[in-house]
Amino acid sequence: MAALEEEFTLSTVPLGAGPNGLLGVEQSDKTDQFLVTHGGRTVILYKVSDQKPLGSWSVKQGQIITCPAVCNFQTGEFIVVHDNKVLRIWNTEDVNLDKVFKATLSAEIYRIHSIQGTEPLVLFKEGAVRGLEALLAEPQQKIETVLSDDEVIKWTKVFMVFRHPVLIFITEKHGNHFAYIQTFSSRTLSKYTLFHGQEEKSVIQNFTASVDRKFISLMSLSSDGCVYETLIPIHPRDPDENQRVVRSLLLKTVVAGNARSGVALTVLDQDHVAVLGPPLPASKECLSIWNTKFQTLQTSRELPQGTSGQLWYFGENLFMLHGKFLTVIPYKCEVSSLAGALGKLKHSQDPGTHTVPHFVNWEASRGYGFGSQNSEQSKRILRRRKIEVNVPPPAFEQLLSTIKKDSEKDIEVELCKFLAVKRTPDFHTIVGDIVLELLGRHTTEPSFYPRNSLMQLIQTHVLSYSLCPGLMEAALEKTDVQMLQLCLQQFPDIPESITCACLKIFLSISDDSLQETEINMESVSDCSDPVQEKMDEQTEILQNGFNADEQNCDSCDRKLNQKPQDAAEETTSCPVVPKRAALLNAILHSAYSEMFLLPHLKDIPAQHVTLFLQYLYFLYLKCSENATMTLPGLHPPTLNQIMDWICLLLDANFTVVVMIPEAKRLLLSLYKFVKSQICICSELNKIEVSFRELQKLNQEKNNRELYSIEVLELF
Amino acid sequence: MGEFKVHRVRFFNYVPSGIRCVAYNNQSNRLAVSRTDGTVEIYNLSANYFQEKFFPGHESRATEALCWAKGQRLFSGGLNGEIIEYDLQALNIKYAMDAFGGPIWSMAVSPCGSQLLVGCEDGSVKLFQITPDKIQFERNFDRQKSRILSLSWHPSGTHIAAGSIDYISVFDVKSGSAVHKMLVDRQYMGVSKRKCIIWGVAFLSDGTVISVDSAGKVQFWDSATGTLVKNHLIANADVQSIAVSDQEDSFVVGTAEGTVFHFQLVSVTSNSSEKQWVRTKPFQHHTHDVRAVAHSPTALISGGTDTHLVIRPLMEKVEVKNYDAALRKITFPHRRLISCSKKRHLLLFQFAHHLELWRLGSTVATGKNGDTLPLSKDADHLLHLKTKGPENIICSCISPCGSWIAYSTTSRFFLYRLNYEHDNISLQRVSKMPAFLRSALQILFSEDSTKLFVASNQGSLHIIRLLEGSFKHLHTFQPQSGTVESMCLLAVSPDGNWLAASGTSAGVHVYNIKHLKLHCTVPAYNFPVTALAIAPNTNNLVIAHSDQQVFEYSIPDKQYTEWSRTIQKQGFHYLWLQRDTPITHISFHPKRPMHILLHDAYMFCIIDKSLPLPNDKTLLYNPLPPTNESDVIRRRTAHAFKISKIYKPLLFMDLLDERTLVAVERPLDDIIAQLPPPIKKKKFGT
C-alpha cells in the first residue's frame with residue numbers, strides 16, 4: 001500500500017516561486033545526499049535525512065545557472081552549466097565555483113543527464129547528445145543540429161537499458177509532440193510522432209516515463225486532467241522512418257482539467273504514479289498517489305500553500321516546492337492487498353443530491369418489547385411505517401424543491417397542499433425537515449423569512465424545539481414575538497436559555513411595536529379592568545378563607561384585613577399592556593428546570609426584573625380574589641406558576657432589586673401581602689388539624705375495639 | 001332473613017409463625033411449607049391451594065431445610081441435627097435420624113431422587129442413600145471450614161455446589177472432593193462486611209452456578225473454571241433464597257427487604273440465539289425477609305418472616321386468564337383453631353403452646369342494623385392453659401356444655417373437666433388416659449357433651465363416654481382394611497346418632513353410633529373436604545370442598561338431597577367459585593332447618609335453601625338494599641345466598657343461639673404489629 005509519510009522542509013531559505021525558483025533536484029553519488037539547483041546562482045548539497053545542507057556553491061554575479069547540477073557517478077564530481085554554454089566541474093572540497101574546472105562549449109546545453117553506471121550525457125538544445133568525456137576532450141567541437149526549426153525540447157530523461165543508456169526527449173513543434181530515442185549501444189536516434197488520438201485539443205502539460213525491457217512507457221498529463229500512456233519501442237524496426245505512436249488513456253481526471261500551473265507527474269514504480277495538482281477545480285493543490293493498475297487513488301496530501309509544478313522522485317523521496325520551500329515527502333509502497341489497493345474513494349459530492357437531516361423516529365421504534373401481547377399487530381404496524389418512511393410523499397419532495405427557490409407566497413400555497421394530505425406516522429419528522437429547510441434558506445438569504453409558513457407549521461402541534469433547533473433563534477433574531485409566543489405554547493422542550501431570551505425580549509420590546517403585532521390573548525382576561533373595580537374586589541380577598549359575614553373574629557382578622565388593603569393600593573393596575581401580559585403568560589406556562597433557569601435570569605436588566613415582578617404581584621393579587629385561587633380566562637397562569645416565578649426572580653436578582661427604590665417598595669408590599677396570606681394559611685391549618693382529629697376518632701371507633709356486640713341484619 | 005346480635009371478637013391474639021422453607025413437588029403439584037416453629041404444611045396447588053395436611057411443630061425442631069424425594073417422600077433437616085421423614089398418609093413423623101454433623105442448614109435431593117445431601121454446621125456435606133423405608137448414610141464429602149448453608153445438585157448428578165461462608169465449593173460427587181472453591185467478594189458498596197454468607201446456590205445444567213448472598217448479590221459462576229461470570233447487585237440487604245425453574249429459563253430470588261426478583265433467560269436481541277440472564281420483574285408482596293422461594297412451572301412462590309405464603313402466577317405461563325391467574329396470599333391456616341361452647345358462651349382459642357378460654361360479654365340493649373350496642377358485661381379471659389413439653393398442640397375442643405376441654409399434641413392427649421361455681425372456675429385434669437389415646441388429629445364432643453370422638457393418626461376413630469370426672473371407652477372404628485389414611489375432619493349429628501369422618505382424599509365415612517358400625521360412604525370427590533357438618537332433624541350431611549362446591553347428602557337416605565342435585569345441575573355462581581379461601585366451618589340454625597351457615601376467611605354466608613338459586617347474571621354479593629324498597633322487588637331479587645363481608649379476616653363464626661352470632665376476626669394489622677420490625681427502607685418524601 002502506498003503511503004506518504006510526514007513531510008519536511010529542506011531549504012531554510014525561501015526560494016523564488018516558479019520554474020526560476022528551483023531548477024532541479026538531482027541525486028549525488030552518496031545516498032541521501034541531493035544536489036538542489038536554485039534558479040539563478042546557487043547549488044546546494046543537502047543531506048535529506050539530516051535536513052541540512054552539506055555544501056553550497058554559487059556562480060559569480062552576472063552568471064546564471066541554466067541547467068541543474070548533476071553528479072558524475074563515475075568520478076564523484078559535480079557538473080553544472082551556467083550561461084547555457086559554460087560547464088563547471090568541481091567536487092565537495094572546492095569552495096569557489098570560479099576557481100574550478102571550466103569548459104566552454106560551442107552549443108547551448110539543454111540538460112546534463114547523469115545516472116549510475118554510465119558517464120554523464122549532455123543534451124544540447126538542438127537535439128544532439130554527447131558523452132561528457134568526449135566533450136571535455138574537445139570542448140569546441142562542432143555540435144550538429146538534429147531538430148528542425150521551432151522545435152524545442154520539452155522534457156527529457158535517461159534510462160539504463162541492458163547496461164546501456166537510452167535517452168528520450170520530447171520536442172514540440174506547432175502543438176505536435178515528437179519523441180526522440182537516442183540509444184548509445186547502437187548509436188541510433190529514432191523519432192516518433194506522438195499521436196494524440198481523439199483528445200486533439202488537450203495540451204500535454206507534463207511527462208514522465210518508465211522503462212520496460214522493450215518499451216519506454218511514456219506517460220503524459222494532459223490539460224484535460226487525464227494521464228495517457230504511450231508505449232515507445234526502444235529498438236525500432238526501422239530507425240529512419242518517422243513512426244507514429246498512439247497514446248491511450250491510463251487514468252481519468254487525476255487533476256482538475258483546467259489547472260493552469262502546478263501540474264506535474266512522476267512515475268514511482270510499476271504501478272504507481274505521483275500527481276501534483278489540484279484534484280478539483282476549486283480545491284487546493286494536492287500530491288496524490290495513484291495506482292495505475294486499479295486506477296485508484298492510494299493516498300493524497302494537500303499542499304495548501306501551492307506548488308510549482310515540479311516534482312522529483314529519488315529513492316523514496318518526493319521533492320516538490322511547497323510555497324517557497326523545498327519540501328520532501330518520503331514515500332513508501334508496501335505490498336498491498338486487494339482491499340488496500342481498492343483504496344479510498346474520491347470524495348465526491350454530487351451537487352444534485354440534497355442531504356436530508358436524520359431524525360430518530362422514536363415512535364416508529366416503539367413496540368419492540370419482550371412478549372408483548374400484541375406483538376404481531378405492532379410488527380405489522382412497524383412494517384407499514386417503514387414503508388411509509390422509505391417513500392416520502394411526493395408532496396414533500398415538491399415542497400422541498402419549492403422552498404429552495406420559490407417565493408414565500410408559492411411556498412405557502414405548496415405548504416397548504418402538503419398539510420392537507422393525510423398525516424403519516426412520521427409526520428412530525430417531515431414537518432421538522434421542512435422547517436429546517438426554510439431556516440436553511442433563511443440563513444443563506446437573510447431577507448427570506450417565511451413567517452406565515454413557519455406559523456402554520458408550528459400550529460400543526462407536532463413540532464418540538466429539538467425537531468427544529470434554529471427556529472426560535474431565528475424568531476429571537478427577528479424579534480418575532482408572535483412566533484415566540486406560539487413556540488412557547490407549543491414546544492414542550494425549550495431550553496431555559498431560550499425561555500429566558502424570550503423573556504428578555506418580551507420585557508424589552510416597546511409598546512408601540514407590540515401594538516402592531518397580533519398576539520394570542522387567550523391567557524389574559526379583562527386586564528382592562530379599571531383600577532376602581534379591582535379595588536372593590538380587593539376587599540373580597542381579605543376575607544379569603546374567612547366568612548365575611550362572621551365578623552365575630554378577633555382583632556387579628558381586622559389587622560389582616562387592613563394589611564393587604566395597603567398592599568392593594570400600591571398595585572394600582574396591571575403594570576403591563578394586555579399584549580405584553582399575554583406574552584409573559586406564555587413564559588409562565590413554559591416548562592423549566594430551576595437549576596438551569598436561574599443563571600440566565602441573572603442577566604435580565606434590573607428595571608425589567610422590576611416590571612416582571614410587578615406583573616407577577618399583580619397576578620398574585622388577582623389570584624387571591626376568589627376562593628379557588630385561580631385567574632379568570634381560558635388558560636390563565638396558575639397560582640403555583642406565579643409563585644414559582646416570583647421565587648425564581650427574587651432568588652436570581654434579590655441583591656439587585658433591593659437596591660432599586662421602586663422595586664424595594666414593591667417588595668415591601670409583596671412581603672406584607674404574603675405575610676397576611678401566611679396568617680390565613682396558619683388559621684386554615686388549625687382548622688384542618690381539628691378535622692383530621694375528628695376523622696381519626698371516627699376511624700378508631702370502627703377499628704380499634706377488641707370486643708363489641710353489633711347488630712347485623714341480613715336481607 | 002333476620003337480624004342478629006354479633007359478638008365481634010378481635011382478642012384472639014393469634015400470630016402465625018414465619019415461613020422458613022418451601023419445597024415444591026412437580027409430580028403431585030404440592031407445596032411443602034415449613035415454619036419457624038417446626039410446623040410443616042402441605043398445600044395442594046391443584047386443589048385451589050388448599051392446605052390439606054400439616055405436621056405439628058416442635059420447640060426444638062427448627063426446620064432449616066425441606067425437600068421432596070422420589071415417590072413424594074418429604075424430608076426435612078433442622079437445627080437439632082436430625083433428618084426427619086414425614087409420613088404423608090398417617091400424618092406423623094416416620095423417623096428422625098441424627099446426621100451427626102451438628103445443626104443441618106441445607107439439604108438437597110439428587111436429580112434422580114435417590115440420594116440425599118445434607119450440609120451441616122461442622123462444614124461437612126453428607127450423602128445419604130434413600131432406601132424404600134429409610135435413609136442410609138453413605139459417606140462424607142471433603143469437610144469445609146464453616147457451615148454449609150446451601151446445596152445444589154448439577155442436573156446430571158455428577159457435581160454439587162455448596163454455599164458456605166465467603167465461598168462456594170464445587171464437589172465431584174464420585175470422589176467427594178472439592179473441585180473448585182469460588183471466593184465471594186465480601187465488599188458491599190465499598191464497605192467490607194464481616195462475612196458474606198452464601199444463602200443459596202443453584203447449579204444449572206450448563207455448569208453455571210448461581211449464588212445469592214448476604215451482600216445483596218446474585219452472582220453467576222462458571223463451575224468449570226471457577227470464575228465469576230456476572231454479578232447483579234439487587235438489594236441493600238441479604239438475598240436469602242433462590243429457586244430455578246425446571247426448564248432453567250427463569251429463576252426467582254427473595255431478599256430481606258421483602259422483594260422477590262424474577263430473572264429470565266432472554267435473547268440478547270430478538271431472533272438471536274444468544275441468551276442472557278436478565279432481571280425482569282420485581283415483586284413486593286412481602287414486608288419482611290423472604291426466607292424461601294419456589295418456582296413452579298406457572299408461578300413464583302415465596303414465603304418469609306411476615307408469615308404470608310404468596311403464590312404469584314407468571315402471566316406468560318398461564319394459558320387461560322381466569323381466576324387462577326390471580327395472586328394468592330395465604331396467611332391463615334385452613335383449619336379451625338377456635339371452638340365454642342354455645343351454652344355458656346365460651347370460646348376456646350388454640351395457640352401453638354397454650355389454650356385460652358374466654359367468656360363472651362353480654363348486652364341488654366337492642367338496636368338496628370349496624371349499631372354497636374353498649375356492653376353490660378365485657379368479655380372475660382377465664383383460663384390460660386399451657387401445654388407441657390415442647391410439642392405444639394394439634395387440635396383442641398371445648399364441649400358444647402362448656403364442662404370439658406380436650407386437646408392433643410403429637411404424643412399426648414389431655415382431657416380436662418371444668419367446674420363453674422359462680423364466677424370461679426376450677427380445672428381438673430382427667431388422668432389415666434388410655435394408651436391408645438396418644439395423638440389425635442381431631443377431637444369432637446357430641447351435642448349433649450356425653451361422648452367424645454377422637455380421630456387418631458392411625459386412621460382409627462375412638463368413641464369415649466364421658467361421665468362426671470371419668471370416662472369410658474365405648475368403641476373404636478378401625479380404618480378400612482388397606483387404608484391408613486388419617487381422618488382430619490369429624491362431624492356428629494345433634495341427635496348423636498351419626499358420626500361423619502373425612503380424610504384428606506378418600507370419601508366421607510358415616511358411622512352409626514347406636515349400632516357402632518359404618519353406615520355408608522359418601523362417594524369420593526376430586527377435591528379435598530374442607531368442612532363437614534350434619535344438620536339437625538334432617539340429618540343431612542353438608543360437605544364443603546376446596547373447589548368451593550357444597551354438597552348436601554342425606555344420611556338416612558344415603559343419597560344426595562334434591563337441593564344438592566339442583567345446585568349441582570345449575571352450578572354455583574361464578575363469584576362463589578372464585579373465592580380463594582376454603583370454607584372452614586359449617587353450622588345450622590336451630591329453628592330454621594332450611595338455613596345453612598358457612599364461612600371462609602373473607603365472608604360468611606347463610607344459604608336459604610327455600611329461595612331460588614342465583615345464576616351468573618344475578619348479583620351475588622348484594623349490598624344491603626334500601627329499607628324502603630317494596631317487598632316485591634326484594635323478593636324478586638332475593639336468592640339463596642345471603643352473604644356478609646363485614647367481618648374479615650374471619651377465623652371463626654358460629655350461631656350461639658337463634659339470634660346471636662359470634663365472629664372471631666384477626667385483623668392483619670394486629671399481626672403485623674407483633675412481627676419484628678422490617679428492614680427500614682428510605683421512602684421518598686419521608
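## Helix packing and the chain interface

In this predicted model, helix 11 (residues 496-508) of chain A packs against helix 17 (residues 606-623) of chain A at an angle of about 85 degrees, and their axes are 10 Å apart. Because angles of 65 to 115 degrees count as roughly perpendicular, helix 11 of chain A and helix 17 of chain A are described as roughly perpendicular to each other. On helix 11 of chain A the contact is made by A:Leu503, A:Leu507 and A:Ser508, and on helix 17 of chain A by A:His608, A:Leu611 and A:Phe612. By class, the residues of this contact divide into four nonpolar and two polar, with no charged residue.

The size of an interface is often given as the accessible area lost when the parts come together. Chain B and chain A bury about 2500 Å² between them, with 59% of it on carbon and sulfur atoms. The contact draws 36 residues from chain B and 14 residues from chain A. In chain B, the residues that lose the most area to chain A are B:Arg8, B:Arg10 and B:Asn369, which together account for 22% of what that side buries.

One of these residues, B:Arg8, also meets A:Glu710 through its side chain in a salt bridge (3.0 Å, N to O), and one salt bridge is found across the interface of chain B and chain A. Polar contacts between chain B and chain A number eleven residue pairs, with both residues at pLDDT 80 or more.

The following strands of chain B each supply at least two residues of the side that touches chain A.

| Strand of chain B | Residues |
|---|---|
| Strand 1 | 2-9 |
| Strand 35 | 372-373 |
| Strand 55 | 604-608 |
| Strand 56 | 641-644 |

Strand 1 of chain B gives the most to this side, with eight residues. The residues of the side of chain B that touches chain A divide into 16 nonpolar, ten polar and ten charged.

Two backbone details in chain B remain to be described. Most residues other than glycine have a negative phi, and most peptide bonds are trans. A cis peptide bond, with omega about -5 degrees, joins B:Lys648 and B:Pro649, and B:Pro649 is placed in the loop between strand 56 and strand 57 (650-657) of chain B. B:Leu91, a residue other than glycine, has a positive phi, near 60 degrees, and B:Leu91 lies in the loop between strand 8 (82-87) and strand 9 (92-98) of chain B.

Technical notes
Residues numbered from 1 in each chain as written. Chains lettered and ligands numbered in written order. Predicted model: local features only at pLDDT ≥ 70, side-chain atom pairs only at ≥ 80, totals over all residues. Heavy atoms only, no water. Axes fitted to C-alpha atoms, helices over the stretch in contact; angles between N-to-C directions. Helix = DSSP H or I, 4+ residues; strand = E, 2+ residues; numbered from the N terminus. Parallel < 35°, antiparallel > 145°, perpendicular 65-115°, else oblique. Contact = heavy atoms within 4.5 Å. Nonpolar A, V, L, I, M, F, W, Y, C, P; charged D, E, K, R; others polar. Buried area = accessible area lost by both parts, 1.4 Å probe. Salt bridge = Lys/Arg side-chain N within 4 Å of Asp/Glu carboxyl O. Polar contact = N/O pair within 3.5 Å; in protein donor to acceptor, adjacent residues only side chain to side chain.
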